[in-house]
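Biologist: Please walk me through how to read this model, one feature at a time. I'd like the general idea, then the case in hand.

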Amino acid sequence: MKRTYRDDWRVIIEIRPTATHTPLRALGFEGLDGRVVGAPFELEIAPQRLGDFGSVSMSDSLASRDVDGDYRRRCEELLAELLKRPHVAAGRVTCTETSVCTHCDLRWEELTADEAADGSTNQDEHSVEGEPVCCYPAITEFRIERGIPQLAEGGAA
Ligand SMILES: [Zn+2]
């Protein structure tokens with residue numbers, strides 16, 4: 001079975017420098033008169049860790065029963081705050097998704113339609129798009145769910 005882990009949550013905002021009225025002193029240039037110019041650029045902001053309570057720190061899974069959901073909410077709240085600023089043009093919440101097989105722990109990969117139709121890459125003539133490629137238990141499970149005939153050999157591995 002495929003299991004997806006989410007990690008590395010980030011809020012990405014696009015800054016429009018020409019829309020900012022930020023004085024140069026905000027960038028550390030004291031006593032100079034001017035403004036920020038240039039093309040829009042992005043800032044990537046990491047949310048505070050769920051288990052980080054300042055003086056006390058614990059693992060995210062101890063601090064939350066819904067780590068993914070809490071990170072998403074935390075990032076969306078931060079994004080909503082940031083979007084209120086005039087020089088923030090746009091923004092989004094993103095994370096890294098990693099899918100692994102629950103049987104063999106390898107990275108989850110599936111046959112494409114072309115690979116499923118190709119005798120050199122498929123398992124047999126019953127292979128279809130989306131069939132896992134990592135191990136026989138995953139293929140067996142996939143085929144049972146869809147009522148596809150099992151592999152002639154190796155299915156019991
Ligand atoms: Zn597997």
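**Reading the model**

Modeller: Let's begin with a pair in the sheet: Asp-7 stands opposite Thr-96 in S3. Before we go on, this is a predicted model, where local features need pLDDT of at least 70 and side-chain atom pairs count only at pLDDT 80 or more, while totals for chains, interfaces and linings use all residues. Residues are numbered from 1 along each chain as its sequence is written, and side-chain values use heavy atoms, leaving out hydrogens and water.

Biologist: Which way do S1 and S3 run, and how many bridges join them?

Modeller: The rule first: two strands pair if DSSP finds at least two bridges between them. The elements themselves are DSSP runs numbered from the N terminus, with at least four residues of H or I for a helix and at least two of E for a strand. Here S1 (residues 2-15) is joined to S3 by 12 bridges, and the two run antiparallel. S1 also runs antiparallel to S2 (residues 41-45), through 5 bridges. Val-11 faces Ile-45 across that pairing. As a general point, side chains in a regular strand alternate between the two faces of the sheet.

Biologist: Which residues make up the largest nonpolar core?

Modeller: A nonpolar core is a set of buried Ala, Val, Leu, Ile, Met, Phe, Trp, Tyr and Cys residues joined through side-chain atoms within 4.5 Å. The largest has 11 residues, among them Trp-9, Val-11, Leu-50, Tyr-71, Leu-79 and Cys-95. S1, helix H2 (67-82) and S3 are the elements that each give two or more residues to this core. Apart from it lies another core, of 5 residues, which includes Cys-101, Trp-108, Cys-134 and Cys-135.

Biologist: What does Leu-79 contact?

Modeller: Contact means heavy atoms within 4.5 Å. Leaving aside neighbours within four places in sequence, Leu-79 contacts Val-11, Ile-12, Ile-13, Gly-91, Arg-92 and Val-93.

Biologist: Now the metal. Which residues coordinate the zinc ion?

Modeller: Donors are N, O and S atoms within 2.8 Å of the metal (3.2 Å for Na, K and Ca), and sites may look incomplete because water is not among the atoms. The zinc ion is held by the SG atoms of Cys-101, Cys-104, Cys-134 and Cys-135, at 2.3 to 2.4 Å. Their spacing along the chain is C-x2-C-x29-C-C. Cys-101, in S3 (residues 88-101), and Cys-134, in the loop between H3 (113-117) and H4 (136-146), are 33 residues apart, so the pair links distant parts of the chain. Both Cys-101 and Cys-134 are buried.

Biologist: Where is Cys-135, and what does it touch?

Modeller: Cys-135 is in the loop between H3 and H4 and counts as buried at 15% relative accessibility. Not counting residues up to four places away in sequence, Cys-135 touches Cys-101, His-103 and Cys-104.

Biologist: Last one: which residues of H4 are buried?

Modeller: Ala-138, Ile-139, Thr-140, Phe-142 and Arg-143. S3 is among the elements covering them. Arg-143 has a relative accessible area of 0%, and among the residues it touches are Gln-123, Asp-124, His-126 and Glu-131.

Conventions
Buried means under 20% relative accessible area, exposed over 50%, partly exposed in between (1.4 Å probe, protein chains only).
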